[in-house]
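Student: I have a new model to read. Can we go through it step by step?
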Amino acid sequence: MKTVAYRLLAVALIATGLSLTTEAFFTLPNILNILRQASLTFLIASGLTLTILTAGLDLSVGANVGLSACLAATVMKSSGSIALGAATGLAFGALVGIVNGMMVTALKLPPFIATYGMLWTLTGVTYWFMGGDTIHGFSPGFRALGSGYWLGVPVPIYVMAAFLAAGGIFTRYTTFGHEVYAIGANREAARLSGIPVRARLNLVYTLSGAMAGLAAIVYLARLNSAEADIGEALTLPAIAAVLIGGTSLFGGVGSLMGTLVGALTLTLVVNGMNLRAIDANWQPLVTGAIVILAVWIDVVTRQRAEATV
Amino acid sequence: MDSGRSIPGAAYLLVILLVVFSIFGEGFATLPNILNIGVQGSVLLLLALPMTLIIMTEGLDLSMGAVLSLAGVVLATLLMNGHGLAVALAAAAGVGLAFGVANGVLVVLLELPPFVVTLGTLGIAQGLALVLTGGQSVVGIGDALPALYESRPFGVPFSIVSAAGAFLVFGFVMKRTRLGSYVSALGGNREALVLAGVHVNLVHVAIYAVGGLMSGLAALLLTGRMSAGHPTAAIGLEFDAIAAVIVGGTSFERGNGTLVGTLIGVLTIGVLKNGLNVMSVSSSLQVASIGVLVIAALVIDSALTALRRPAGSTA
């Protein structure tokens with residue numbers, strides 16, 4: 001918990017710096033906008049956090065958001081039913097997660113390469129399925145999920161808060177949560193102590209896929225349109241959010257709260273760049289540099305911890 | 001290195017694909033089309049050769065496609081501004097080499113996990129390419145490069161000659177030099193190399209550096225083919241390279257692999273894409289088919305490993 005506090009301090013420092021140097025930063029609309037944006041990143045990154053906690057990885061989350069959103073949009077348009085469309089997106093996202101889980105557990109493939117193969121499979125299918133089309137214009141009721149307000153606060157923030165609370169309880173106070181950490185810390189020890197490792201990993205990857213499906217629905221409601229490239233720029237920021245939040249790539253260390261702080265940090269940086277009118281083309285560069293820095297800190301922290309044991 | 005099997009499994013797949021497409025794909029088995037497969041596969045081979053060494057040493061380089069795109073943009077911009085081809089190519093190679101060395105330092109000296117770190121350098125290279133060009137294509141690169149690209153030394157397209165040359169150089173280094181045997185040993189036998197007094201880290205960084213250098217050099221062929229530089233031209237090409245290496249029988253976990261296997265892997269992917277193209281399957285589904293191919297190759301590899309393992313030692 002101490003590391004999360006340090007990271008919150010970093011967020012506060014960036015925010016203070018931005019509010020001192022740019023006038024538009026410390027205004028209610030901008031703060032709400034940042035929180036809304038961070039909510040979307042958090043939703044994608046939350047399931048990913050679980051896989052990384054088990055010392056795994058899910059590189060397919062961005063591509064999964066893309067195809068789930070396109071499928072949901074298509075069903076919504078053709079059936080006219082928001083519920084059916086949303087259910088399709090969620091179910092497809094979870095299905096991708098189930099397949100990822102099977103590749104990792106039943107087929108024993110390394111998670112990074114299995115989900116990397118999944119990334120390109122999904123990307124190819126998305127482009128084929130959309131054939132260059134754009135689906136846009138959804139009912140105001142659905143769009144409220146992404147861009148609406150309730151009691152003056154953007155709706156995605158409520159979604160984020162609900163899943164943060166649920167996920168927090170799940171990971172910290174349930175046996176399942178403790179088992180996820182145990183698998184990440186030492187898989188062999190977890191197996192020997194009677195934890196059903198394969199079943200738990202299957203569930204973790206399924207949750208990661210389902211959260212990508214959920215994020216796809218919120219994202220679709222926010223953008224009010226679906227194109228084949230919708231998920232392309234999402235993977236790197238999601239991984240960045242998890243790593244900045246202090247979750248270790250080596251498993252067993254980290255938290256969903258940390259990932260939220262990571263998502264906030266990243267969103268603040270991007271927001272600051274926007275406010276200072278820095279070309280959006282710099283964003284992949286900055287995100288990439290942040291990822292490398294975060295991994296470096298992770299490795300150094302781990303080496304220090306090992307040295308003191 | 002090639003104990004146990006002299007013919008990579010991909011060779012059978014390649015023969016099957018060739019037969020199927022020759023029967024069902026109209027215009028597949030013609031000389032122009034076969035040459036076309038070679039031309040399309042040449043850029044891929046330039047990336048897949050170093051990727052083989054990187055994967056043999058239990059690493060990965062996800063940044064190659066983005067670095068190649070960046071090097072292409074640099075090459076095209078210098079040509080557009082009237083610099084000579086040699087200068088432009090040297091700059092492109094330098095950009096690639098710089099990224100390769102950076103990857104090597106991050107992975108080997110700082111001991112950061114390669115698949116996430118090279119995802120980071122991917123972002124940096126992609127961002128730089130976008131910033132340099134404002135997201136636009138760089139056109140008006142003059143006649144020197146297109147003319148070189150269109151040339152046919154000994155009647156063979158320039159890109160195929162280049163790729164063949166690179167294959168021979170890599171093959172010579174791996175088979176005939178001490179450096180090659182160090183690289184082979186690095187995957188499964190690092191400790192022995194350290195004890196033998198080899199500068200292991202230097203060799204290991206050099207492998208990533210070569211990956212970057214080859215990405216930079218490949219910009220010559222890519223830019224020549226398009227007669228332009230585009231900041232996202234080669235995004236995702238690293239996946240084809242990884243696919244070729246895995247299909248060619250190099251394993252992530254055992255540290256073994258062969259360049260011949262990778263060549264067959266590159267040809268398999270080239271034939272698959274071209275054949276699907278001839279049969280009017282959309283290019284998007286070709287991407288998906290390679291994703292499925294990689295997963296299938298991994299599954300077969302892990303099944304074969306499980307079969308070879310003595311009974312009773314389940315993981």
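Student: What share of the 315 residues of chain B counts as buried, and what makes a residue buried?

Tutor: This is a predicted model. A residue is buried if 20 or more other C-beta atoms lie within 10 Å of its own C-beta atom. In chain B, 52% of the 315 residues count as buried.

Student: Why does the radius of gyration of chain B agree with a compact globule?

Tutor: Set the value against the rule. The rule is 2.2 Å times the number of residues to the power 0.38. For 315 residues that gives a radius near 20 Å, and chain B has 20 Å, so the two agree. Along its principal axes, the C-alpha trace of chain B spans about 65 × 50 × 35 Å.

Student: What makes up the secondary structure of chain B?

Tutor: Chain B has 13 helices and 0 strands.

Student: How confident is the predictor in chain B?

Tutor: pLDDT runs from 0 to 100. The mean for chain B is 90, and 95% of its residues reach 70 or more. Residues 1-5 of chain B are below 50, and that stretch has 4 contacts beyond near neighbours in sequence. Where pLDDT is low, the predicted coordinates should not be read in detail.

Student: How do you know that chain A and chain B touch, and which element of chain A gives the largest share?

Tutor: Contact requires C-beta atoms within 7 Å. By that test, 34 residues of chain A are in contact with 37 residues of chain B. H5(A) gives the largest share of chain A's side, 12 residues. That side divides into 24 nonpolar, 8 polar and 2 charged residues. For the complex, the predictor gives an ipTM of 0.88 and a pTM of 0.91.

Conventions:
Residues numbered from 1 in each chain as written. Chains lettered and ligands numbered in written order. Predicted model: local features only at pLDDT ≥ 70, side-chain atom pairs only at ≥ 80, totals over all residues. Helix = DSSP H or I, 4+ residues; strand = E, 2+ residues; numbered from the N terminus. Buried ≥ 20, exposed ≤ 12 C-beta atoms within 10 Å, placed from the backbone. Contact = placed C-beta atoms within 7 Å. Nonpolar A, V, L, I, M, F, W, Y, C, P; charged D, E, K, R; others polar.
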